[in-house]
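Reader: Please walk me through this model. I will ask about a few residues in turn.

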Amino acid sequence: MKKLAWILIVWPASLIAQNSVIDSLKGALRSAPDTSKTSVLYALSIASFDGNPEDALAYGRKLDSLARQLNDSVAIVDARLIEAQYAWRKGDFPGAMKTAI
């Protein structure tokens, strides 16, 4: 019974909270300067993994593109790790390892 209560009450509430975080980050992305957008894109990607891994990958690719334009080596590594995590979650372990290295 406790498990059922968790599924019916807590789980939807956590999804709503996650969506509000994602919505807030999307708003911050629109107004952030380019140098701050890398941090916001990274946060958006991480926040999106549980609900929509494809969105997480898309944010990671946007992060990679912007990081390369800004020559931000830390953000480039973050973007590669997001791609590796996506591959890992999809069961592509060799691809994840290749991307991460």
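Author: Start with Leu-63. Not counting residues up to four places away in sequence, Leu-63 touches (heavy atoms within 4.5 Å) Thr-38, Leu-41, Tyr-42, Ala-75, Asp-78, Ala-79 and Ile-82. This is a predicted model: local features need pLDDT of at least 70, side-chain atom pairs count only at pLDDT 80 or more, and totals for chains, interfaces and linings use all residues. Residues are numbered from 1 along each chain as its sequence is written, and side-chain values use heavy atoms, with hydrogens and water left out.

Reader: Is Ser-45 buried or exposed?

Author: Ser-45 is found in helix α2, residues 34–48. Beyond its neighbours within four places in sequence, Ser-45 contacts Ala-56, Tyr-59, Gly-60 and Ile-82. Buried means under 20% relative accessible area, exposed over 50%, partly exposed in between (1.4 Å probe, protein chains only). Because its relative accessibility is 0%, Ser-45 counts as buried.

Reader: What separation do the C-alpha atoms of Ala-100 and Leu-81 have?

Author: Ala-100 lies in helix α5, residues 93–100. Leaving aside neighbours within four places in sequence, Ala-100 contacts Leu-81 and Ala-84. Ala-100 and Leu-81 are 19 residues apart along the chain, and their C-alpha atoms are separated by 5.6 Å.

Definitions and conventions
Helix = DSSP H or I, 4+ residues; strand = E, 2+ residues; numbered from the N terminus.
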